[in-house]
Amino acid sequence: MSLLDYFRISKVGTASVAKERLQILVAHERSSKNQPSYLPQLQKELLAVIQKYVNVGQDAISVSFEQDDDQETLELNIVLPDHK
Amino acid sequence: MARIIVVTSGKGGVGKTTTSAAIAMGLAKRGHKTAVIDFDVGLRNLDLIMGCERRVVYDFVNVINEEATLNQALIRDKNCNLLYILPASQTRDKDALSQEGVGRVLDELKKDFKYIVCDSPAGIEKGAHLAMYFADDAFVVTNPEVSSVRDSDRMLGLLASKSRRAEQNEEPINEFLLLTRYSPDRVKLGEMLSVDDVQDILSLHLLGVIPESKSVLNASNSGTPVILDEKSDAGQAYADIVARYLGEDRPHRFIDDKKGFFRKLFGG
Ligand SMILES: Nc1ncnc2c1ncn2[C@@H]1O[C@H](COP(=O)(O)OP(=O)(O)OP(=O)(O)O)[C@@H](O)[C@H]1O
Ligand SMILES: [Mg+2]
């Protein structure tokens, strides 16, 4: 820190923002790296089927793929609308 | 045993060719017979950085196509007789390289050389893939900047899955981080990602930090690898990197702001 820096109004640098964005992005890209390429299509078709029966929005369904040492799992999450 | 080193990054313009030239020269200067290969077919530049552009007769593609022998194509460096350069072709494109052909040339080089440094082109296409495919060690050149860090991470994924070692279930490629164009003063101001930030994200073994330095342009202007400029900060940083790679323990010299007390005091 220089003396002049010390008197400068301390502004937060952009490096910390960069780091945060990178951490999120890299974690996401690493986890989706090995996922099968049919996943987006599968998600689209599943949504179409579900929408035939239930009135759900585009983001009501999420499909995620996980890979452990010896097994692969496909996790399907559907959020149903609450009806009173 | 010969070792194949790939200098790679994903992103373009981060300092791969500068690094390839410097470390190849460094290894040769330390007494190891070294070859450096330009994989950037169509955009050859290593010859300029090494200062041998006027001596190129045959190139890598000629050797692959058996239009010339390896000995005809290799150019002995003017500064160090243990260093040889295999230039890229300027008139062909990257499809002129084949996995079989590259493998054949590397096998032949391995008989005679201790280190083979592969200067990768940018991107993740064929040229970059073949540059890293046969590697034993990877020098991942990264700038402290978001897109470069992201691309390096992508490259790490490819090194771990699409290389010969990965495909044949051998020991994985040794991966090293080379953080280049680093400005300690900007890091201090919070304007630039720090070594620790980049390490947190990539978790790679840090081989060294090369500061942003005017000496790099001077070196390329004159066609001498910057490591030969022993007084320069970048030259010393590359010399440290070579020493660390060869197993020596060297403190990191260029991570902290090196400005004098008075300049610090007045923010010069
Ligand atoms: N430490 C440094 N300080 C200052 N300038 C640098 C440094 N390292 C590299 N450069 C400059 O950055 C530019 C790109 O360097 P270089 O050609 O080595 O990158 P590259 O990764 O090989 O590029 P490409 O992806 O196009 O092959 C050059 O102008 C070079 O002089
Ligand atoms: Mg280059």
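Figure 1. A backbone N or O atom of B:Ser213 is placed 2.9 Å from a nitrogen atom of ligand 1. Taken alone, ligand 1 exposes 630 Å², and the protein buries 76% of that area. The model shown here and in the views that follow is predicted. B:Ser213 is also listed with B:Gly13, B:Lys16, B:Thr17 and B:Thr18 as the closest of the 15 residues that surround ligand 1.

Figure 2. For B:Thr17, a backbone N or O atom lies 2.8 Å from an oxygen atom of ligand 1. For B:Gly15, the corresponding separation between a backbone N or O atom and an oxygen atom of ligand 1 is 3.0 Å. B:Thr17 is one of the closest residues around the ligand.

Figure 3. Two elements of chain B, helix α1 (16-29) and strand β8 (205-211), each supply at least two residues of the shell. The largest share, three residues, is contributed by α1(B). By residue class, the shell divides into five nonpolar, six polar and four charged residues.

**Figure 4. B:Ser148 in helix α7 of chain B.** Helix α7 covers residues 146-161 of chain B and includes B:Ser148. Is B:Ser148 buried or exposed? The relative accessible area of B:Ser148 is 1%, and the residue is therefore classed as buried, the limit being under 20%. A polar atom of the B:Ser148 side chain lies 2.9 Å from the backbone nitrogen of B:Asn143.

**Figure 5. B:Glu66, a non-glycine residue with positive phi in a loop.** The loop between α3 (60-64) and α4 (70-73) of chain B contains B:Glu66. Although B:Glu66 is not a glycine, its phi is positive, at about 60 degrees. B:Glu66 counts as exposed because its relative accessibility of 62% is over 50%.

**Figure 6. B:Arg181, a residue with positive phi in a strand.** B:Arg181 belongs to strand β7 (residues 174-182) of chain B. Its phi is near 60 degrees, a positive value in a residue other than glycine. With a relative accessible area of 42%, B:Arg181 is partly exposed.

**Figure 7. A:Glu66 in strand β1 of chain A.** Strand β1 of chain A, residues 61-67, holds A:Glu66. What is the relative accessible area of A:Glu66? The value is 47%, so the residue is partly exposed, between the limits of 20% and 50%. A:Ser31 is 35 residues away from A:Glu66 along the chain, and the C-alpha atoms of the two residues are separated by 7.9 Å.

**Figure 8. Secondary-structure elements of chain A.** Chain A contains three helices and two strands. Read from the N terminus, these elements follow the order α-α-α-β-β. Chain A has 84 residues, of which 20% count as buried.

Notes. Residues are numbered from 1 along each chain as its sequence is written. Chains are lettered from A and ligands numbered from 1 in the order in which they are written. This is a predicted model: local features need pLDDT of at least 70, side-chain atom pairs count only at pLDDT 80 or more; totals for chains, interfaces and linings use all residues. Side-chain values use heavy atoms; hydrogens and water are left out. A residue is near a molecule or strand if one of its heavy atoms lies within 4 Å of it. A polar contact is a pair of N or O atoms within 3.5 Å; within protein, one must be able to donate a hydrogen and the other to accept it, and residues adjacent in sequence count only if both atoms are side-chain atoms. Accessible areas come from the Shrake-Rupley method with a 1.4 Å probe; for residues, only the protein chains shown count as cover. Helices (H or I, at least four residues) and strands (E, at least two) are DSSP runs, numbered from the N terminus. Ala, Val, Leu, Ile, Met, Phe, Trp, Tyr, Cys and Pro count as nonpolar, Asp, Glu, Lys and Arg as charged, and the others, Gly among them, as polar. Buried means under 20% relative accessible area, exposed over 50%, partly exposed in between (1.4 Å probe, protein chains only).
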